[in-house]
Amino acid sequence: MRGNATGIGNEDRWGSTAGPAIRKKGTSVRPWLVVDGTGDAQVVEVGKHAIMRRTGLPARDLRILDPLLSYPSTVLGRERAIVINLEHIKAIITANEVLLLNSRDPSVTPFVQELQARILRHHEATTNTHPDNQEDSHGGGIKILPFEFVALEACLEAACSVLENEAKTLEQEAHPALDKLTSKISTLNLERVRQIKSRLVAITGRVQKVRDELEHLLDDDEDMAEMYLTEKLLQQQLEQTSSEDDTVVDTPDDDNDDMDVHDRAEISLEAGVGGGGGASFEEEDDDDDNRNLRDSHGTRASTIYSAATIKLDVEELEMLLEAYFVQIDGTLNKLSTLREYVDDTEDYINIMLDDKQNHLLQMGVMLTTATLVVSAFVVVAGIFGMNIKIELFDEKLYGMREFLWTVGGGTAGTIFLYVVAITWCKHKGLLE
């Protein structure tokens with residue numbers, strides 16, 4: 001990471017009070033990684049009010065990036081910035097810099113390196129473009145994306161790649177576990193499948209949120225128009241130049257002078273944000289606090305300015321978003337296929353369990369029938385065990401031979417009754 005500089009001393013250019021010992025109470029100071037238009041990065045520790053002044057975002061938009069709060073995947077286009085909350089990417093993109101909140105997260109480090117490389121290539125492409133080649137780059141040749149779209153594409157690619165890799169890993173783990181469960185139903189295999197299914201539901205929900213957010217952006221041209229930060233900044237500078245030319249011709253009154261001075265201060269502030277040397281935010285007046293309380297979808301004037309006055313062609317951004325929409329939609333389809341495979345395996349397991357249960361029920365019927373017929377033989381034995389006098393017990397008339405015939409006859413009768421009962425159950429369809 002090039003040009004890192006960490007410390008409270010960097011807060012001065014963000015409009016905070018000088019010195020690390022002086023800090024306002026109740027102001028949550030957090031480290032932000034700022035990547036400028038040349039790819040250089042530095043870490044600054046500032047509060048949310050400094051971020052609001054620098055980006056023009058209201059406080060409720062910054063809450064979306066709060067790691068302590070749970071917000072769904074969000075891509076918001078504002079008047080001077082784009083708010084990104086996609087998976088592990090929590091960033092604010094302006095017309096010439098990117099602010100990352102969780103840059104110290106190890107999972108964000110590869111993204112930061114890729115972001116710096118993309119921005120550096122974009123910077124070299126824009127600075128090395130000669131006037132003769134600019135016409136081709138903006139005409140029928142290769143068109144250079146604005147800075148905000150380069151950063152946005154890096155964020156989308158990082159988020160979609162993470163979800164796709166997690167889906168592939170889950171798929172590789174799920175198929176062997178499900179196949180093993182179908183061959184042997186055990187507590188361990190069932191627990192593995194349960195964990196896989198829980199992960200599948202969680203990943204599917206995350207992918208669905210990203211897909212829905214991209215679909216929402218593609219369905220709303222005004223939201224996409226709000227993301228053309230560079231075009232809006234250039235148009236504002238042109239309007240400012242035109243207004244200054246008008247003031248030279250016309251004789252303005254005092255009120256107009258005050259308004260022009262305020263407009264020039266605001267335009268110069270927006271033009272100097274994040275590029276090269278940062279503007280000092282201590283020179284702003286109290287109107288900045290009112291400007292930070294804009295509507296969540298930008299002011300009405302900003303929307304009309306973007307959609308009607310500039311009449312931006314959102315096809316460029318639409319193609320960019322569609323590419324990653326197709327990618328995330330493919331990941332969702334892959335997870336849906338895996339979910340169907342899990343459901344089919346569950347159905348197969350339930351069928352196997354039902355079959356085993358049917359076999360157990362049949363065995364229970366056979367054992368119950370055997371107990372019934374044996375009980376009939378026990379009844380005969382109980383009768384002979386009574387203290388009664390019959391000729392069969394007379395040793396002079398009968399002996400062991402007659403006793404064996406009696407026992408054998410009772411046993412044969414019991415077996416015959418059992419066979420008859422089982423045959424009747426099979427005839428009625430109670431047994432297979």
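Helices H12 and H13 are roughly antiparallel to each other, a label given to angles over 145 degrees, whereas those under 35 degrees count as roughly parallel, 65 to 115 as roughly perpendicular and the rest as oblique. The model is predicted, so to speak of local features requires pLDDT of at least 70 and side-chain atom pairs count only at pLDDT 80 or more, while totals for chains, interfaces and linings use all residues. Residues are numbered from 1 along each chain as its sequence is written, and side-chain values use heavy atoms, without hydrogens and water. Helices (H or I, at least four residues) and strands (E, at least two) are DSSP runs numbered from the N terminus.

**Helices H12 and H13**

- H12 and helix H13 (residues 400-427) pack at an angle of about 155°, and their axes are 9 Å apart. Axes are lines fitted to C-alpha atoms, for helices over the stretch in contact, and angles run from 0 to 180 degrees between N-to-C directions.
- By class, the contact of H12 with H13 has 13 nonpolar, five polar and no charged residues. Ala, Val, Leu, Ile, Met, Phe, Trp, Tyr, Cys and Pro count as nonpolar, Asp, Glu, Lys and Arg as charged, and the others, Gly among them, as polar.

**Helices H5 and H12**

- The axes of H5 and helix H12 (residues 315-384) come within 10 Å and cross at roughly 15°; the two helices are therefore roughly parallel to each other.
- H5 passes H12 in a left-handed crossing, and their contact comprises 22 nonpolar, six polar and eight charged residues.
- Lys-168 is found in helix H5. With a relative accessible area of 37%, Lys-168 is partly exposed, a class between buried (under 20%) and exposed (over 50%), for a 1.4 Å probe and protein chains only.
- Lys-168 and Leu-335 are 167 residues apart in sequence and 9.0 Å apart in space, C-alpha to C-alpha.

**The six-stranded sheet**

- Six strands form an open sheet in the order S2-S1-S6-S5-S4-S3, with antiparallel pairing. Two strands pair if DSSP finds at least two bridges between them.
- Strand S2 (41-46) and strand S3 (74-77) are the edge strands, each pairing on one side only.
- S1 and S2 pair over six bridges, and Val-35 has Ala-41 in S2 as its bridge partner. These two strands form a hairpin with four residues between them, and Gly-39 in the turn has a positive phi of about 95°.
- S1 pairs with S6 over four bridges, with Asp-36 opposite Glu-97 in S6.
- Five of the seven residues of S1 are buried, so this strand is largely enclosed by the rest of the structure.
- S5 and S6 pair over three bridges, and Ile-93 stands opposite Val-98 in S6.
- Helix H5 (residues 147-183) lies across S1, S3, strand S4 (82-86), S5 and S6, running at about 175° to S5.

**Residue Thr-94**

- Thr-94 lies in the loop between strand S5 (89-93) and strand S6 (97-100).
- Thr-94 counts as buried, at 3% relative accessibility.
- Leaving aside neighbours within four places in sequence, Thr-94 is in contact with Thr-55, Arg-80, Ala-81, Phe-147, Glu-148 and Leu-229.

Notes. Contact = heavy atoms within 4.5 Å. Left-handed = near helix turned anticlockwise from the far one by under 90°.
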